Amino acid sequence: MRISSMSYLSRQNNRNLSRSYQKLSSGKRINSAADDAAGLAIAQKLLKQANGLNAGVYNARNSQNMLNVAEGAMGSVTDSLQRMNELSIQAANGTLSDSDRSAIQAEIDQLKSEVDRVSETTKFNENYLLKGDSGRRSVPVSARDAGIKGTLTQDATTATFTMDALKNGDTIKIAGNEYTIGDGSENSNTITADDAYSMIQKELASASSIGSTTPATVSAGAADPNDASKWQFTISKGKVDQQHGYSTSLHVGAESDMANKISVNIDALNAAGIGIKGLNVADKTGTAGTYAIDAITDALAKVSSQRSSLGAASNRLDHSIAYGNNAVYNLTAAQSRIEDLDYAKGVTELKKNQILNTYSIMMQRKYMNNQSGRVKQFFN
């Protein structure tokens with residue numbers, strides 16, 4: 001029985017010694033479920049979460065790169081629009097000849113083609129960012145006031161232009177020309193109020209149709225039912241056919257929760273998408289150039305809005321990255337406290353097991369020597 005007990009203790013000491021070597025060599029307190037079953041389960045869950053957050057941080061950095069590519073391309077579109085705005089202002093000047101405006105129009109056409117090229121070719125990892133997604137839609141184009149004094153109120157598909165009702169003796173500028181309201185018999189610059197309203201109706205339709213494939217229509221004016229001193233025109237907005245915008249979701253967290261996804265939507269930013277398709281300033285009077293200024297202003301506002309949206313998403317990703325890195329640090333520290341070895345304690349445990357193992361071997365040797373002496377005495 002004694003030899004069996006000693007053998008058992010020796011095996012136990014060898015097993016403990018082997019575990020001590022394993023812990024010191026790996027640096028971990030838990031190397032298998034036998035070391036600490038509950039601790040192993042907790043440590044693995046913490047490791048999964050930390051690894052997931054590291055992947056989320058990688059996704060966020062990659063997503064920022066994509067947003068930077070898109071925003072940089074939008075900057076190029078903005079530069080083209082700024083140049084078109086300069087050219088439109090030049091074309092609106094009455095000192096230019098027909099050939100001058102034709103030359104300006106040639107450059108505007110090239111700039112529109114460049115906007116389309118940037119939209120068609122900007123991509124990140126084979127994903128096209130600015131030319132939209134598959135499928136097409138009809139989108140209303142903003143109505144415009146044609147430079148006439150009044151108030152323009154925009155709705156989704158219609159707009160209302162409200163101006164002071166005209167009376168004899170009033171002066172008004174329409175398409176760059178100044179008219180006086182009268183009975184129309186004095187001179188060519190004297191027109192009746194009805195003629196003025198008809199001209200205003202035509203100019204509102206012309207200005208509001210820039211950039212559309214389906215022109216805007218304007219109803220004949222009528223007195224404001226709430227204020228007899230006001231005159232109103234209802235504008236049915238023109239529409240342009242364009243592709244759906246590009247949409248994607250950026251996954252920046254460690255879990256499948258939808259809160260970990262950041263949605264990014266980018267409208268098609270070709271000439272049609274920003275409302276400058278068919279932009280033409282080559283008329284004889286410069287009126288087309290004047291109206292083009294408002295169309296380009298709307299286009300710049302749309303591109304700037306998209307850039308602002310991407311900038312906000314990029315700034316949010318900065319915070320997502322900072323949170324992810326901080327969470328990974330704390331989770332790794334928590335996992336380490338559970339799973340990693342206290343080296344000083346591990347070395348002490350090794351020394352203890354080495355001493356116990358040596359002592360066990362000495363005891364077995366002494367016991368065997370005693371047993372051998374007794375056998376010799378018996379035979380002597």
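User: Where is aspartate 224 found?

Analyst: In strand E10, residues 222-224. Keep in mind that this is a predicted model.

User: Buried or exposed, that aspartate 224?

Analyst: Aspartate 224 counts as buried, because its relative accessibility is 13% and the cut-off for buried is under 20%.

User: What does aspartate 224 touch?

Analyst: Lys230, Trp231 and Gln232, leaving aside residues up to four places away in sequence.

User: And how far is alanine 165 from aspartate 224?

Analyst: Their C-alpha atoms are separated by 9.1 Å. Along the chain the two are 59 residues apart.

User: Back to lysine 230. Which residue does it form a salt bridge with?

Analyst: Aspartate 164. The closest N and O atoms are 2.6 Å apart. This pair links distant parts of the chain. Lysine 230 is in strand E11 (residues 227-236), and aspartate 164 is in strand E5 (residues 158-164). They are 66 residues apart.

User: How accessible are lysine 230 and aspartate 164?

Analyst: Both are partly exposed. Lysine 230 has a relative accessible area of 27%. Aspartate 164 comes out at 44%.

User: How many salt bridges does the count come to?

Analyst: The count comes to 14. One of them pairs glutamate 86 with arginine 83, at 3.0 Å from N to O.

User: Where do glutamate 86 and arginine 83 sit relative to each other?

Analyst: Both are in helix H2, three residues apart, so about one helical turn separates them. Glutamate 86 is partly exposed at 43% relative accessible area. Arginine 83 is partly exposed too, at 30%.

User: What about lysine 131? Which side chain does it meet in a salt bridge?

Analyst: Glutamate 120, at 4.0 Å from N to O. Lysine 131 lies in the loop between strand E2 (127-128) and strand E3 (136-140). Glutamate 120 is in helix H3, and the two are eleven residues apart. Glutamate 120 is partly exposed, with a relative accessible area of 37%.

User: Switching to helices. At what angle do H2 and H3 cross?

Analyst: Roughly 165°. H2 covers residues 37-91, and the two axes come within 10 Å. That angle makes H2 roughly antiparallel to H3, because anything over 145 degrees counts that way.

User: Left-handed or right-handed crossing?

Analyst: Left-handed.

User: Which residues make the contact?

Analyst: On H2, they include Ala73, Val77, Arg83, Met84 and Leu87. On H3, they include Arg101, Ile104, Glu107, Ile108 and Leu111.

User: Where is the place of arginine 101?

Analyst: In helix H3, residues 98-121.

User: What is the nearest side chain of opposite charge to arginine 101?

Analyst: Aspartate 283, at 4.3 Å. Arginine 101 is buried yet has no salt bridge.

User: What else does arginine 101 touch?

Analyst: Its contacts include Ala91, Asn93, Gly94 and Leu96, plus Val281, Ala282, Lys284, Thr285 and Gly286. Asp283 is among them as well. Residues up to four places away in sequence are not counted.

User: Now the whole protein. How many helices and strands?

Analyst: Six helices and 14 strands.

User: What share of residues is buried?

Analyst: 37% of the 380 residues.

User: And what percentage of contacts join residues at least 24 apart?

Analyst: 69%, among contacts between residues at least 6 apart in sequence.

Terms used. Residues are numbered from 1 along each chain as its sequence is written. This is a predicted model: local features need pLDDT of at least 70, side-chain atom pairs count only at pLDDT 80 or more; totals for chains, interfaces and linings use all residues. Side-chain values use heavy atoms; hydrogens and water are left out. Helices (H or I, at least four residues) and strands (E, at least two) are DSSP runs, numbered from the N terminus. Buried means under 20% relative accessible area, exposed over 50%, partly exposed in between (1.4 Å probe, protein chains only). Lys and Arg count as positive and Asp and Glu as negative; His and the chain ends are not counted. Contact means heavy atoms within 4.5 Å. Axes are lines fitted to C-alpha atoms, for helices over the stretch in contact, and angles run from 0 to 180 degrees between N-to-C directions. Angles under 35 degrees count as roughly parallel, over 145 as roughly antiparallel, 65 to 115 as roughly perpendicular and the rest as oblique. A crossing is left-handed if the near helix is turned anticlockwise from the far one by less than a right angle, and right-handed if clockwise.
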